[in-house]
Amino acid sequence: MSLAPVDNSLVGKTIAVDLYTENGILLLPQETILTSAHVQLLQKQRIREVEVRQVLSEGTGEHITSQLLELDADEETIAAYVQALDKTRSVFDQVSQSGASHLEKFSEIFSEVAEQSMKQLGLFRSLYVLEGADSYTYRHSLNVGILCSLIARLMKWSEDRIAFMGTAGFLHDLGKMRVPKEILLKPGKLTDEEFAEMQKHTVYGYQMIMEMEGGSELLAQCALMHHERLDGTGYPQKRIGNEIPVECQVLAVADMFDAICSDRVYKERTSPFEAAQLLWKEACGGKLNIEIVSQFVRYIALLYVGARARLSNGEEVEVILIHPDEPMRPLVRRSSEFLDLRYERQLTIEKMIG
Ligand SMILES: [Fe+2]
(Lines give C-alpha, C1' and ligand atoms only; values in the text may rest on other atoms or scores of the structure.)
Protein backbone atom coordinates (compact mmCIF):
# COMPACT_ATOMS: atom_id res chain seq x y z
CA MET A 1 0.00 0.00 0.00
CA SER A 2 1.33 3.49 -0.77
CA LEU A 3 0.22 7.10 -0.92
CA ALA A 4 0.08 8.33 -4.52
CA PRO A 5 -0.62 11.76 -6.01
CA VAL A 6 -3.90 12.20 -7.90
CA ASP A 7 -2.82 12.32 -11.54
CA ASN A 8 -2.87 10.00 -14.54
CA SER A 9 -0.27 7.67 -13.02
CA LEU A 10 -3.15 6.39 -10.86
CA VAL A 11 -4.93 4.78 -13.82
CA GLY A 12 -4.95 1.00 -13.42
CA LYS A 13 -4.18 1.09 -9.69
CA THR A 14 -6.53 -0.12 -6.97
CA ILE A 15 -7.76 2.07 -4.11
CA ALA A 16 -6.75 0.54 -0.79
CA VAL A 17 -9.41 2.29 1.35
CA ASP A 18 -12.93 3.72 0.88
CA LEU A 19 -12.76 7.34 -0.35
CA TYR A 20 -15.21 9.92 0.97
CA THR A 21 -16.07 13.50 0.01
CA GLU A 22 -15.65 16.29 2.56
CA ASN A 23 -19.32 15.79 3.46
CA GLY A 24 -18.84 12.13 4.22
CA ILE A 25 -20.44 10.75 1.04
CA LEU A 26 -18.76 7.61 -0.29
CA LEU A 27 -17.00 8.65 -3.48
CA LEU A 28 -15.25 5.45 -4.53
CA PRO A 29 -15.23 2.19 -2.59
CA GLN A 30 -12.10 0.26 -1.66
CA GLU A 31 -10.88 -2.06 -4.46
CA THR A 32 -11.98 0.28 -7.25
CA ILE A 33 -9.60 -0.06 -10.18
CA LEU A 34 -9.06 3.52 -11.31
CA THR A 35 -9.80 4.81 -14.80
CA SER A 36 -9.05 8.29 -16.13
CA ALA A 37 -12.68 9.29 -15.38
CA HIS A 38 -12.12 8.41 -11.72
CA VAL A 39 -8.94 10.51 -11.66
CA GLN A 40 -10.90 13.48 -13.02
CA LEU A 41 -13.56 12.91 -10.37
CA LEU A 42 -10.95 12.92 -7.60
CA GLN A 43 -9.40 16.08 -9.03
CA LYS A 44 -12.83 17.74 -9.12
CA GLN A 45 -13.24 16.86 -5.45
CA ARG A 46 -9.81 18.41 -4.79
CA ILE A 47 -8.43 15.16 -3.38
CA ARG A 48 -4.63 15.36 -3.71
CA GLU A 49 -3.41 11.93 -2.57
CA VAL A 50 -4.91 8.48 -2.20
CA GLU A 51 -3.86 5.14 -0.71
CA VAL A 52 -3.35 2.68 -3.53
CA ARG A 53 -1.93 -0.72 -4.33
CA GLN A 54 -0.91 -2.18 -7.66
CA VAL A 55 -3.69 -4.29 -9.13
CA LEU A 56 -1.43 -6.48 -11.21
CA SER A 57 1.37 -8.80 -10.22
CA GLU A 58 4.82 -7.30 -9.91
CA GLY A 59 6.83 -7.07 -13.08
CA THR A 60 3.89 -6.64 -15.42
CA GLY A 61 2.23 -3.99 -13.26
CA GLU A 62 4.21 -0.99 -14.42
CA HIS A 63 4.05 -2.11 -18.00
CA ILE A 64 0.29 -2.55 -18.03
CA THR A 65 -0.21 0.64 -16.08
CA SER A 66 1.71 2.59 -18.67
CA GLN A 67 -0.52 1.01 -21.31
CA LEU A 68 -3.56 1.94 -19.32
CA LEU A 69 -2.38 5.52 -19.52
CA GLU A 70 -3.17 5.31 -23.17
CA LEU A 71 -6.80 4.63 -22.41
CA ASP A 72 -7.85 7.42 -24.67
CA ALA A 73 -5.72 6.19 -27.59
CA ASP A 74 -8.33 3.63 -28.50
CA GLU A 75 -7.03 3.06 -32.01
CA GLU A 76 -4.01 1.20 -30.74
CA THR A 77 -6.06 -0.98 -28.44
CA ILE A 78 -8.44 -1.78 -31.20
CA ALA A 79 -5.57 -2.70 -33.55
CA ALA A 80 -4.16 -5.12 -30.94
CA TYR A 81 -7.57 -6.55 -30.39
CA VAL A 82 -8.16 -7.11 -34.10
CA GLN A 83 -4.83 -8.92 -34.30
CA ALA A 84 -5.84 -11.17 -31.41
CA LEU A 85 -9.11 -11.80 -33.20
CA ASP A 86 -7.24 -12.98 -36.31
CA LYS A 87 -5.27 -15.49 -34.26
CA THR A 88 -8.46 -16.69 -32.60
CA ARG A 89 -10.07 -17.18 -35.99
CA SER A 90 -7.17 -19.23 -37.35
CA VAL A 91 -6.90 -21.56 -34.34
CA PHE A 92 -10.67 -22.12 -34.21
CA ASP A 93 -10.82 -22.81 -37.94
CA GLN A 94 -8.00 -25.29 -37.59
CA VAL A 95 -10.00 -27.22 -35.00
CA SER A 96 -13.10 -27.26 -37.17
CA GLN A 97 -11.09 -28.63 -40.11
CA SER A 98 -8.76 -31.10 -38.46
CA GLY A 99 -10.51 -31.96 -35.20
CA ALA A 100 -9.00 -31.96 -31.75
CA SER A 101 -5.99 -29.91 -30.94
CA HIS A 102 -3.65 -29.51 -28.02
CA LEU A 103 -5.03 -27.42 -25.17
CA GLU A 104 -1.72 -25.61 -24.85
CA LYS A 105 -2.21 -24.03 -28.24
CA PHE A 106 -5.34 -22.28 -26.98
CA SER A 107 -3.90 -21.35 -23.60
CA GLU A 108 -0.85 -19.89 -25.35
CA ILE A 109 -2.88 -17.75 -27.70
CA PHE A 110 -5.15 -16.58 -24.95
CA SER A 111 -2.36 -15.64 -22.55
CA GLU A 112 -0.63 -13.84 -25.43
CA VAL A 113 -3.71 -11.73 -26.05
CA ALA A 114 -4.62 -11.47 -22.38
CA GLU A 115 -1.90 -8.94 -21.67
CA GLN A 116 -3.11 -6.75 -24.50
CA SER A 117 -6.63 -7.32 -23.31
CA MET A 118 -5.81 -6.05 -19.84
CA LYS A 119 -5.96 -2.63 -21.39
CA GLN A 120 -9.56 -3.29 -22.22
CA LEU A 121 -10.60 -4.17 -18.71
CA GLY A 122 -11.19 -0.50 -18.17
CA LEU A 123 -12.30 -0.03 -21.71
CA PHE A 124 -15.63 -1.68 -22.22
CA ARG A 125 -16.83 1.18 -24.31
CA SER A 126 -14.17 0.51 -26.94
CA LEU A 127 -14.44 -3.28 -26.58
CA TYR A 128 -17.97 -2.93 -27.83
CA VAL A 129 -17.56 -0.53 -30.73
CA LEU A 130 -16.20 -3.11 -33.16
CA GLU A 131 -18.43 -4.26 -35.99
CA GLY A 132 -18.49 -7.41 -38.13
CA ALA A 133 -21.18 -10.05 -37.69
CA ASP A 134 -19.20 -12.82 -39.43
CA SER A 135 -16.51 -12.75 -36.78
CA TYR A 136 -19.08 -13.00 -33.97
CA THR A 137 -18.05 -16.40 -32.57
CA TYR A 138 -14.35 -15.50 -32.51
CA ARG A 139 -14.93 -12.10 -31.02
CA HIS A 140 -17.37 -13.51 -28.48
CA SER A 141 -14.83 -16.19 -27.45
CA LEU A 142 -12.11 -13.63 -26.97
CA ASN A 143 -14.36 -11.23 -25.06
CA VAL A 144 -15.75 -13.93 -22.77
CA GLY A 145 -12.20 -15.10 -21.99
CA ILE A 146 -11.26 -11.55 -21.02
CA LEU A 147 -14.43 -11.09 -18.96
CA CYS A 148 -14.04 -14.44 -17.17
CA SER A 149 -10.52 -13.62 -16.04
CA LEU A 150 -11.68 -10.16 -14.96
CA ILE A 151 -14.51 -11.64 -12.86
CA ALA A 152 -12.15 -14.22 -11.33
CA ARG A 153 -9.85 -11.32 -10.41
CA LEU A 154 -12.73 -9.36 -8.88
CA MET A 155 -13.67 -12.49 -6.88
CA LYS A 156 -10.06 -12.51 -5.61
CA TRP A 157 -9.38 -16.00 -6.93
CA SER A 158 -5.81 -17.31 -7.23
CA GLU A 159 -3.67 -16.50 -10.28
CA ASP A 160 -4.02 -20.14 -11.44
CA ARG A 161 -7.77 -19.95 -11.26
CA ILE A 162 -7.80 -16.59 -13.05
CA ALA A 163 -5.76 -18.12 -15.88
CA PHE A 164 -8.06 -21.17 -15.93
CA MET A 165 -11.12 -18.94 -16.27
CA GLY A 166 -9.50 -17.08 -19.18
CA THR A 167 -9.03 -20.34 -21.06
CA ALA A 168 -12.49 -21.61 -20.07
CA GLY A 169 -14.07 -18.43 -21.42
CA PHE A 170 -12.00 -18.57 -24.57
CA LEU A 171 -13.12 -22.15 -25.28
CA HIS A 172 -16.71 -22.13 -24.00
CA ASP A 173 -18.30 -21.92 -27.47
CA LEU A 174 -15.78 -24.14 -29.26
CA GLY A 175 -18.60 -26.62 -29.94
CA LYS A 176 -20.12 -24.09 -32.34
CA MET A 177 -17.44 -25.13 -34.81
CA ARG A 178 -19.44 -28.39 -35.20
CA VAL A 179 -22.81 -26.66 -35.70
CA PRO A 180 -23.68 -26.35 -39.41
CA LYS A 181 -22.73 -22.88 -40.73
CA GLU A 182 -26.20 -22.25 -42.18
CA ILE A 183 -27.64 -22.50 -38.66
CA LEU A 184 -24.77 -20.71 -36.94
CA LEU A 185 -24.89 -17.71 -39.30
CA LYS A 186 -28.63 -17.66 -40.02
CA PRO A 187 -29.71 -14.05 -39.68
CA GLY A 188 -33.36 -14.58 -38.70
CA LYS A 189 -35.08 -16.59 -35.99
CA LEU A 190 -34.17 -20.29 -35.76
CA THR A 191 -36.81 -23.03 -36.18
CA ASP A 192 -37.31 -25.42 -33.23
CA GLU A 193 -35.14 -28.08 -34.91
CA GLU A 194 -32.41 -25.56 -35.71
CA PHE A 195 -32.47 -24.25 -32.15
CA ALA A 196 -32.17 -27.81 -30.80
CA GLU A 197 -29.10 -28.31 -33.03
CA MET A 198 -27.65 -24.98 -31.91
CA GLN A 199 -28.06 -26.00 -28.25
CA LYS A 200 -25.90 -29.05 -28.93
CA HIS A 201 -22.84 -26.79 -29.15
CA THR A 202 -22.55 -27.27 -25.38
CA VAL A 203 -22.28 -31.07 -25.70
CA TYR A 204 -19.99 -30.82 -28.74
CA GLY A 205 -17.76 -28.43 -26.80
CA TYR A 206 -17.57 -30.86 -23.88
CA GLN A 207 -16.56 -33.69 -26.23
CA MET A 208 -14.00 -31.59 -28.10
CA ILE A 209 -12.27 -30.43 -24.93
CA MET A 210 -12.22 -33.95 -23.47
CA GLU A 211 -10.63 -35.16 -26.72
CA MET A 212 -7.92 -32.52 -26.44
CA GLU A 213 -4.54 -33.35 -25.05
CA GLY A 214 -4.39 -31.51 -21.74
CA GLY A 215 -8.17 -30.90 -21.57
CA SER A 216 -9.65 -31.35 -18.08
CA GLU A 217 -13.11 -32.40 -16.89
CA LEU A 218 -13.79 -28.99 -15.31
CA LEU A 219 -12.74 -27.14 -18.46
CA ALA A 220 -15.03 -29.37 -20.51
CA GLN A 221 -17.85 -28.82 -18.00
CA CYS A 222 -17.50 -25.08 -18.50
CA ALA A 223 -18.38 -25.59 -22.18
CA LEU A 224 -21.16 -28.02 -21.28
CA MET A 225 -22.86 -25.91 -18.62
CA HIS A 226 -22.45 -22.27 -19.58
CA HIS A 227 -26.13 -22.10 -20.59
CA GLU A 228 -27.38 -23.75 -17.40
CA ARG A 229 -29.26 -21.43 -15.02
CA LEU A 230 -29.48 -21.71 -11.22
CA ASP A 231 -33.28 -22.07 -11.31
CA GLY A 232 -33.12 -25.06 -13.66
CA THR A 233 -34.35 -23.21 -16.77
CA GLY A 234 -31.09 -23.60 -18.71
CA TYR A 235 -29.79 -26.34 -20.98
CA PRO A 236 -28.66 -29.02 -21.85
CA GLN A 237 -29.22 -30.85 -18.54
CA LYS A 238 -31.45 -28.37 -16.66
CA ARG A 239 -29.14 -28.48 -13.66
CA ILE A 240 -30.12 -26.57 -10.50
CA GLY A 241 -28.07 -24.43 -8.05
CA ASN A 242 -24.94 -26.12 -6.74
CA GLU A 243 -25.16 -28.84 -9.38
CA ILE A 244 -23.53 -26.19 -11.57
CA PRO A 245 -19.85 -25.63 -10.65
CA VAL A 246 -19.10 -22.03 -9.66
CA GLU A 247 -16.67 -21.69 -12.61
CA CYS A 248 -19.60 -22.39 -14.96
CA GLN A 249 -21.67 -19.82 -13.07
CA VAL A 250 -18.98 -17.20 -13.76
CA LEU A 251 -19.01 -18.22 -17.41
CA ALA A 252 -22.78 -17.82 -17.58
CA VAL A 253 -22.45 -14.21 -16.37
CA ALA A 254 -19.62 -13.32 -18.78
CA ASP A 255 -21.36 -15.05 -21.70
CA MET A 256 -24.69 -13.32 -21.15
CA PHE A 257 -23.03 -9.94 -20.68
CA ASP A 258 -21.10 -10.16 -23.93
CA ALA A 259 -24.11 -11.55 -25.80
CA ILE A 260 -26.24 -8.57 -24.72
CA CYS A 261 -23.54 -6.00 -25.54
CA SER A 262 -22.86 -7.51 -28.95
CA ASP A 263 -26.46 -8.31 -29.83
CA ARG A 264 -26.68 -8.57 -33.59
CA VAL A 265 -30.45 -8.93 -33.75
CA TYR A 266 -31.34 -5.57 -32.25
CA LYS A 267 -29.45 -3.02 -34.26
CA GLU A 268 -29.35 -0.47 -31.48
CA ARG A 269 -26.28 -1.35 -29.48
CA THR A 270 -26.73 -1.99 -25.77
CA SER A 271 -24.17 -0.26 -23.59
CA PRO A 272 -22.26 -2.22 -20.91
CA PHE A 273 -24.12 -0.21 -18.26
CA GLU A 274 -27.49 -1.30 -19.62
CA ALA A 275 -26.24 -4.88 -20.00
CA ALA A 276 -25.18 -4.78 -16.35
CA GLN A 277 -28.72 -3.73 -15.40
CA LEU A 278 -30.11 -6.73 -17.29
CA LEU A 279 -27.67 -9.08 -15.52
CA TRP A 280 -28.78 -7.65 -12.20
CA LYS A 281 -32.39 -8.45 -13.13
CA GLU A 282 -31.45 -12.03 -14.05
CA ALA A 283 -29.59 -12.43 -10.75
CA CYS A 284 -32.55 -11.10 -8.75
CA GLY A 285 -34.79 -13.48 -10.71
CA GLY A 286 -32.71 -16.42 -9.45
CA LYS A 287 -31.04 -17.35 -12.73
CA LEU A 288 -27.50 -16.08 -12.15
CA ASN A 289 -25.26 -16.15 -9.08
CA ILE A 290 -25.97 -12.88 -7.29
CA GLU A 291 -22.57 -12.61 -5.63
CA ILE A 292 -20.75 -12.93 -8.95
CA VAL A 293 -23.12 -10.50 -10.64
CA SER A 294 -22.89 -7.91 -7.88
CA GLN A 295 -19.07 -7.86 -8.01
CA PHE A 296 -19.12 -7.53 -11.78
CA VAL A 297 -21.94 -5.00 -11.97
CA ARG A 298 -20.28 -2.80 -9.38
CA TYR A 299 -17.11 -2.80 -11.45
CA ILE A 300 -18.95 -1.91 -14.68
CA ALA A 301 -20.95 0.80 -12.96
CA LEU A 302 -17.76 2.44 -11.67
CA LEU A 303 -16.51 2.76 -15.23
CA TYR A 304 -19.40 5.10 -15.90
CA VAL A 305 -18.63 7.70 -13.27
CA GLY A 306 -18.56 10.99 -15.17
CA ALA A 307 -20.53 9.64 -18.15
CA ARG A 308 -23.76 11.16 -19.44
CA ALA A 309 -27.00 9.22 -19.20
CA ARG A 310 -30.61 9.59 -20.30
CA LEU A 311 -33.23 8.94 -17.64
CA SER A 312 -36.56 7.20 -18.24
CA ASN A 313 -38.27 10.63 -18.21
CA GLY A 314 -36.07 11.78 -21.11
CA GLU A 315 -33.80 14.10 -19.09
CA GLU A 316 -30.04 14.04 -19.61
CA VAL A 317 -27.87 13.80 -16.51
CA GLU A 318 -24.26 13.17 -15.49
CA VAL A 319 -23.34 10.17 -13.32
CA ILE A 320 -21.60 11.51 -10.21
CA LEU A 321 -21.40 8.78 -7.58
CA ILE A 322 -22.00 5.05 -7.64
CA HIS A 323 -23.46 3.49 -4.49
CA PRO A 324 -21.76 0.13 -3.87
CA ASP A 325 -24.97 -1.50 -2.64
CA GLU A 326 -27.11 -0.22 -5.53
CA PRO A 327 -24.73 0.45 -8.43
CA MET A 328 -27.52 0.81 -10.98
CA ARG A 329 -29.09 3.72 -9.05
CA PRO A 330 -26.28 6.30 -8.87
CA LEU A 331 -26.26 9.89 -7.70
CA VAL A 332 -26.61 12.02 -10.84
CA ARG A 333 -26.39 15.73 -11.67
CA ARG A 334 -29.22 17.45 -13.53
CA SER A 335 -27.87 20.89 -14.54
CA SER A 336 -27.06 22.37 -11.12
CA GLU A 337 -28.98 20.00 -8.84
CA PHE A 338 -28.23 16.47 -7.67
CA LEU A 339 -30.65 13.58 -7.88
CA ASP A 340 -30.14 10.37 -5.91
CA LEU A 341 -31.76 7.59 -7.92
CA ARG A 342 -31.90 5.38 -4.83
CA TYR A 343 -34.69 7.62 -3.59
CA GLU A 344 -36.28 8.39 -6.96
CA ARG A 345 -37.61 4.90 -7.58
CA GLN A 346 -39.89 6.04 -10.43
CA LEU A 347 -36.80 6.98 -12.47
CA THR A 348 -34.30 4.62 -14.06
CA ILE A 349 -31.30 5.09 -16.30
CA GLU A 350 -32.58 4.34 -19.75
CA LYS A 351 -29.45 4.78 -21.78
CA MET A 352 -25.82 5.83 -21.45
CA ILE A 353 -25.01 8.45 -24.05
CA GLY A 354 -21.33 9.15 -23.63
FE1 LIG B 1 -22.80 -20.70 -25.88
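Is Arg-342 buried, partly exposed or exposed, and at what relative accessibility?

**About the model.** This is a predicted model, in which local features need pLDDT of at least 70, side-chain atom pairs count only at pLDDT 80 or more, and totals for chains, interfaces and linings use all residues. Residues are numbered from 1 along each chain as its sequence is written, and side-chain values use heavy atoms, with hydrogens and water left out.

**View 1. Confidence along the chain.** pLDDT is the predictor's confidence in each residue, from 0 to 100. The chain averages 79. A score of at least 70 is reached by 78% of the residues. Helices (H or I, at least four residues) and strands (E, at least two) are DSSP runs, numbered from the N terminus. Among the elements of the chain, helix α11 (residues 217-225) has the highest mean pLDDT, 97. Helix α2 (residues 61-68) has the lowest, 31.

View 2. Residues 119-126 keep a pLDDT under 50. The model still gives them 33 contacts (heavy atoms within 4.5 Å) beyond four places in sequence. Residues 129-134 also have a pLDDT below 50. This stretch has 11 contacts beyond near neighbours in sequence.

**View 3. The salt bridge of Arg-342 and Asp-340.** A salt bridge is a side-chain nitrogen of Lys or Arg within 4 Å of a carboxyl oxygen of Asp or Glu. The structure holds 14 of them. In this one, the closest N and O atoms of Arg-342 and Asp-340 are 3.1 Å apart. Relative accessible area sorts residues into buried (under 20%), exposed (over 50%) and partly exposed (in between), with a 1.4 Å probe and protein chains only. Arg-342 is partly exposed, because its relative accessibility is 22%. Asp-340 has 15%, so Asp-340 counts as buried.

**View 4. Lys-200 meets Glu-197.** These two residues form a salt bridge, with their closest N and O atoms 3.3 Å apart. Lys-200 is partly exposed at 39% relative accessibility. Glu-197 is buried, at 17%.

**View 5. A salt bridge between two strands.** Arg-310 pairs with Glu-350 in a salt bridge. Their closest N and O atoms lie 3.6 Å apart. Arg-310 sits in strand β6 (residues 308-311) and Glu-350 in strand β10 (residues 349-352), so the pair ties together parts 40 residues apart in sequence. Arg-310 is partly exposed, at 27% relative accessibility. Glu-350 is partly exposed too, at 42%.

**View 6. A salt-bridge network.** Salt bridges link Lys-44, Glu-318 and Arg-333 in a network.
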